[in-house]
Amino acid sequence: MLQYDDSAAAFVALSFVTIYIIPSWYNIIKKLKVALFSSDEDIGAISRTTAEKEKAAKLKKTSKGLKTLNSPWFLANLVFTILLTIFFVWLFLSVQSNGEVNSFDPFSILEVDSGADMKEIKKAYKKKSLQFHPDKNPNNPQAEATFMMVAKAYEALTDPIAKDNYEKYGNPDGKQSLAVSIGLPEFLLNVDNRNFVLLSYLIIMVGVIPMAVWSYYSNSSKFGEKDVMYDSYAWFHHNLNEHILIKSLPEVLSGSAEFRERNMTKAAEGKQELGKILVKTRQHMQKPQFQHPVVLKGNVLLHAYLTRQTDVLSEESMEDLNYMLRYSSSLIDAMISVCKHQESLAAALNCIRFGQYVAQGMWLKDSELLQLPHFTSAEVAHATKGKNGVKTIKEYIALDNDSKKGLSDFSEAQKEDIFKTCKLLPDVTTESRVFVDDDEDSNVYEGDLCTVAVKITRNNLEDGEKAGLVHAPRFPFPKREAWWVALGTTQGKIISIDKVTSPEKVVEHKIKFLAPKQGTYEFELHVLSNAYVGFDFSDTVELKTLDASVLPEYKVHPEDAELDDEPTLFEEMMNANIEDDSDSEEEEDSDDDDESEEGGIRELTAAERKKQELQNARKKATSAAGDDSDSDDDSDVEEVHAD
């Protein structure tokens, strides 16, 4: 009968503890490394202009240092991991001292050198046996076990047979059989502990484990792609359509499920503050469609940010706004994916442009020049009027530094910021072409797999240089430069829309689709920045498809035709089964050979039987197909007959 074994239980406990503490320590060390040893580039806290210094300082404050680890979950996990590690060390030492993992070493047990003579061995044995004798250590199982080990060690060094067994098998008792036991501690079998054991079992099996599974499932089942909650996707599906305008999107974003708990204002002071902010931002807002407090608060906070009036926000409201902006990128990507599912090109393009405004902290009526640091409405008015006046950011960047207007009130450091920003902003050219892979001619036929290759070249980068972070000093988090490539029909249906995140100087993105019916088609190609306003490209892709019937008839090569006539694997298996059945029948009838010969009856040979069975199979197939004309024709079947 199997017995509970403390040593085996220690091994089992070591295994389970190791499964937890190794990944836990890896995660803890990783977070400590980020908090204490990460560079400014790693956390996006870079200040290429003075306008980015404040943003970089806030990122360092929130992303570096031990204070960034001051979260309840991290601290609880750290304490629990330390306790488990201490328990692991105790288990390991216990196994090392008492477990079977130790090899039997009589010299170490007696604490003598391996070259000790018999006199030293006897002296050590006498000393140890007196020290751990059961009479001197009553009610001490550990001392009793040590006493037995000392006696066994002495026997292994003095008795010839025991010594020979030790040298051959590592044990003075000879070759040992495999011992199997249950890896649970023996105290579970103690009658005095049965109530405690039963109660613990009920708590763990009925309470802890179901609660852990429910908690994990309930949390994980809330999130879909891009770690966006399913309720947010449902909200976007309900509110996004082909007629949605950019000015309506802040309200749509505000209703995301991620913000519903945080943006629920209950205190009277918060409601009063919200009313004051609403007065300042109302003229820039579309009339709200939803009066729910969560949606209204998020809508007001976003408009305060987009209209650059965050100075009126309290510290608590600013934290709520930053929380919304932290998740805004992934939520806007989710909005675009919903538009893709709805095949609405106009709505998807508006969502992308809304993301540009969020990244730059500006709104619909603002000039593109407000993306430049230190620029206000006064500098914009000066730069857009008079001689050398410009309307777009591209035109302003194209001017040489001496011709740039609106800089008269700036210091040299501020001017340098503007000149540097003009170099950081993208200078992109796009090229597109349509082709069919592995085609014999340049024509496109109905049903061909067409490829639209879009080549994006960043002219502001040197060869080998990669695009860095977006210059967005008002957006409180680092953001990587990317480009959206969208292809749609002139009727506004999406064929493809993808986010190209490669930072290389030259990027090629391929869009594949099946060529439509014969005719001439025009498609809309859009290349939009994920963070900059005024750098979008639009082009028309023309495609002429020909009738596939004009293509030469495809002729099968003779060798391919021969391969088609060969039996398939299934047919070979069926024939093999028929042969096996024939052999088995022949074996079954072998016992009646003598009687058959005496009666003058000739049995079919194996070849004849196989032929008959194949003919019967063909008949059944023909009958199933409805052709019964030959079903009664048995002239070709050779029957068993009498001589």
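Let's start with Glu 379, which lies in helix α15, residues 377-384, of this predicted model. Is Glu 379 buried or exposed? Its relative accessibility is 11%, and since buried means under 20%, Glu 379 counts as buried. Leaving aside residues up to four places away in sequence, Glu 379 touches His 374, Gly 406 and Phe 410.

Now let's move to another part of the chain, where helix α5 (residues 118-131) meets helix α6 (residues 141-158). Their axes come within 10 Å and cross at roughly 165°. Angles over 145 degrees count as roughly antiparallel, so α5 is roughly antiparallel to α6. The crossing of the two helices is left-handed. On the α5 side, the contact is made by Met 118, Ile 121, Lys 122, Tyr 125, Lys 128 and Ser 129; α6 contributes Phe 147, Val 150, Ala 151, Tyr 154, Leu 157 and Thr 158. Sorted by class, this contact has eight nonpolar, two polar and two charged residues.

Which residues of α6 are buried? They are Ala 143, Phe 147, Val 150, Ala 153, Ala 156 and Leu 157. An α-helix has 3.6 residues a turn, so residues three or four places apart point the same way. The cover over the buried residues of α6 includes α4 (106-110), α5 and α7 (160-169).

Notes
Residues numbered from 1 in each chain as written. Predicted model: local features only at pLDDT ≥ 70, side-chain atom pairs only at ≥ 80, totals over all residues. Heavy atoms only, no water. Axes fitted to C-alpha atoms, helices over the stretch in contact; angles between N-to-C directions. Helix = DSSP H or I, 4+ residues; strand = E, 2+ residues; numbered from the N terminus. Parallel < 35°, antiparallel > 145°, perpendicular 65-115°, else oblique. Left-handed = near helix turned anticlockwise from the far one by under 90°. Contact = heavy atoms within 4.5 Å. Nonpolar A, V, L, I, M, F, W, Y, C, P; charged D, E, K, R; others polar. Buried < 20%, exposed > 50% of the residue type's maximum accessible area, 1.4 Å probe, protein only.
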